Amino acid sequence: MAEGIPLNDQDRIPWLCHLHDLLMREDSSGQNVILACSALKKKYRCILEKEKVAAYSQSNWPEEQGEFPTEKILFVHLDGPMELIASRLEKRRGHFMPPGLLQSQFDALEPPSPPEKFITVSLEKSVSEIVFEIEKYVNRN
């Protein structure tokens, strides 16, 4: 990404498997975890929950088999217009993702949908409002 080349599934899957392992390790020790990553596609979110990568071919992902996440993980979809996100990216210094890759992120995006466990929060809110909305949801459920 730092070189201006978007990641593909083959680039992302090993990292998502590693993140899955971290989540499961923390869960098995009774810890709650907050993990920030761009799980842009449904299959990426499924890997984070189930890690059944080897069992799926490119055309045979779990959502096509009627298999969905176990709802142990709450996905927070931070939603906002590309222009807002682009303006924030332009202000970053020394970040690995150049603003020129933003369109590729939107192209790959598959927003969460039922039966995934998720909430959508607007990026047009302040950081404190975003955190409050997430906390309110977590405390209610």
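Visitor: How do I read whether a residue such as Glu90 is buried, exposed or partly exposed?

Guide: Buried means under 20% relative accessible area, exposed means over 50%, and partly exposed is in between (1.4 Å probe, protein chains only). Glu90 has a relative accessible area of 48%, so Glu90 is partly exposed. Keep in mind that this is a predicted model, where local features need pLDDT of at least 70, side-chain atom pairs count only at pLDDT 80 or more, and totals for chains, interfaces and linings use all residues. Residues are numbered from 1 along each chain as its sequence is written, and side-chain values use heavy atoms, with hydrogens and water left out.

Visitor: Which helix holds Glu90?

Guide: Helices (H or I, at least four residues) and strands (E, at least two) are DSSP runs, numbered from the N terminus. Glu90 sits in helix α3, residues 82–91. Across the protein there are five helices and two strands, and along the sequence they follow the pattern α-α-β-α-α-β-α.

Visitor: How can I check the length of α1?

Guide: The expected span of a helix is 1.5 Å times one less than its number of residues. With 20 residues, α1 should span 28 Å, and its end C-alpha atoms are 28 Å apart, which agrees. Just after α1, Gly30 takes a positive phi of about 80°.

Visitor: Which residues of α1 are buried, and what do they pack against?

Guide: The buried ones are Asp9, Arg12, Ile13, Leu16, Cys17, Leu19, His20 and Leu23. Contact means heavy atoms within 4.5 Å, and the buried residues of α1 pack against α2 and α4 (102–108).

Visitor: What is a nonpolar core?

Guide: In soluble globular proteins, nonpolar side chains tend to be buried together. A nonpolar core is a set of buried Ala, Val, Leu, Ile, Met, Phe, Trp, Tyr and Cys residues joined through side-chain atoms within 4.5 Å. Here the largest has 13 residues, and Leu16, Tyr44, Ile47, Leu48 and Ile73 have the most contacts inside it. Helices α1 (9–28) and α2 (42–50) each supply at least two residues of this core, and α1 gives the most, with five. Apart from this core lies another, of eight residues, among them Leu89, Leu102, Ile130 and Tyr137.

Visitor: Which residues does Leu48 touch?

Guide: Leaving aside residues up to four places away in sequence, Leu48 touches several residues, including Leu16, Leu19, His20, Ile73 and Phe75.

Visitor: How much of the whole protein is buried?

Guide: Of its 141 residues, 31% count as buried.
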